[in-house]
Every structure is written in C-alpha cells, then in structure tokens.
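Colleague: I am new to this structure and would like to go through it by question and answer. Please show it to me.

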Amino acid sequence: VDVWVRDSAENLTKLNGALRELGAAWGPTEQAWAPVPEDWRWLEKQSLFCLTTDYGAVDVFRDVRGLEGRYDECRHHSLAMTTGTGIPFTGLSDRHMLACQEALPVPERKARRMEILREAIRQQEHH
C-alpha cells in the first residue's frame with residue numbers, strides 16, 4: 001500500500017498513531033529495524049519510508065516525485081476507487097500518475113504504463 005500524506009505536524013502525528021496500530025516497523029538500516037517510535041518526529045527524517053506492518057508492506061510518501069508541492073491539487077483531482085475485495089481508497093488521477101512516471105529517470109519509467117495512461121487521458125478528453 002502506498003500512502004501520500006499531507007506533510008504537516010498534525011497529519012504526521014495521526015499517521016504515526018495509525019502506523020503504530022498496524023504494528024509498523026522501520027529502521028534506517030536493517031540492524032536498526034524496530035517498531036515505529038511513539039514520537040512522530042522520526043517521520044521528518046526523509047521523504048519516503050518503506051515499512052512493514054502486521055498486515056503487509058506500506059510505503060509512506062511525504063512528497064511524490066513529479067508532483068512536488070502539489071498535494072492539494074492532486075487530492076482535489078483524486079479518484080474514489082475500490083479494491084477487488086471492496087475496500088474503498090482514493091487514488092491519483094491518470095494525469096498525475098503520468099506526471100510521476102515522466103519524472104522518473106528514463107531507465108526507471110514503465111513505458112507500457114505510460115502508454116495506458118496517455119490513452120486513458122485521450123479518452124477522457126473525448127468524453
């Protein structure tokens with residue numbers, strides 16, 4: 001699961017509480033891997049965290065490459081979706097997903113994903 005959080009003390013505090021409830025663990029090295037601390041300020045150390053939880057992996061983004069400083073815009077244009085098992089979530093629009101891919105170094109880009117996103121955007125423009 002990927003989570004992009006609005007980067008504020010209030011939200012990071014709430015996120016930390018949720019991560020603790022999920023049994024999340026993180027560490028700057030494998031040797032330092034441990035349950036997330038009670039104090040949320042550890043979340044200020046970097047912009048991306050890859051964590052484990054009792055329920056699976058969680059990646060936390062304080063900002064997203066290609067969408068830097070655009071959290072509110074992306075949230076406004078986000079899409080309400082549902083997983084295959086019926087769990088609701090909010091996802092990035094096709095345009096914003098494409099911007100993320102375009103911001104990656106060329107060898108890391110997923111050409112097929114970009115092609116699918118461009119086609120979806122073209123179809124949206126014709127409707």
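**Questions on the chain**

Modeller: Leu 79 lies in strand S6, which covers residues 79–82. Keep in mind that this is a predicted model.

Colleague: Is Leu 79 buried, partly exposed or exposed?

Modeller: Buried means under 20% relative accessible area and exposed means over 50%. Leu 79 has a relative accessible area of 36%, so the class for Leu 79 is partly exposed.

Colleague: About how much accessible area do Leu 79, Met 81 and Phe 89 have together?

Modeller: These three residues, Leu 79, Met 81 and Phe 89, form a nonpolar patch on the surface. Together their accessible area is about 230 Å².

Colleague: How many helices and how many strands does the chain have?

Modeller: Along the sequence, the pattern reads β-α-β-β-β-β-α-β-β-α-α. The secondary structure comes to seven strands and four helices.

Colleague: What share of the residues of the chain counts as buried?

Modeller: The chain has 127 residues, and its C-alpha trace spans about 50 × 35 × 30 Å along the principal axes. It exposes about 8600 Å², with carbon and sulfur atoms supplying 53% of that area. The share of residues that count as buried is 31%.

Colleague: How far apart are the mean positions of the positive and negative charges?

Modeller: The chain has 16 positive and 20 negative charges. Their mean positions are apart by 3 Å.

Colleague: Why are Lys 14 and Glu 10 separated by about one helical turn?

Modeller: Lys 14 and Glu 10 form a salt bridge, with the closest N and O atoms 3.3 Å apart. Both Lys 14 and Glu 10 are exposed. They are separated by about one helical turn because they are four residues apart in helix H1 (residues 9–21).

Colleague: Which residue forms a salt bridge with Glu 102?

Modeller: Side chains of opposite charge can pair when their charged atoms come close. The closest N and O atoms of the pair are 3.2 Å apart, and the partner of Glu 102 is Arg 118. The pair links distant parts of the chain, 16 residues apart: Glu 102 is in helix H3 (residues 94–103), and helix H4 (residues 111–125) holds Arg 118.

Colleague: What is the relative accessibility of Arg 41?

Modeller: Asp 39 and Arg 41 meet through their side chains in a salt bridge, at 3.0 Å from N to O. Asp 39 counts as partly exposed at 39% relative accessibility. Arg 41 also counts as partly exposed, and its relative accessibility is 47%.

How values were computed:
Residues numbered from 1 in each chain as written. Predicted model: local features only at pLDDT ≥ 70, side-chain atom pairs only at ≥ 80, totals over all residues. Heavy atoms only, no water. Patch = residues over 30% accessible without salt bridge, like charges linked within 9 Å, V, L, I, M, F, W, Y side chains within 5 Å. Areas by Shrake-Rupley, 256 points an atom, 1.4 Å probe, with all protein chains shown as cover. Salt bridge = Lys/Arg side-chain N within 4 Å of Asp/Glu carboxyl O. Helix = DSSP H or I, 4+ residues; strand = E, 2+ residues; numbered from the N terminus. Buried < 20%, exposed > 50% of the residue type's maximum accessible area, 1.4 Å probe, protein only. Lys, Arg positive; Asp, Glu negative; His and termini not counted. Charge placed at Lys NZ, Arg CZ, Asp CG, Glu CD.
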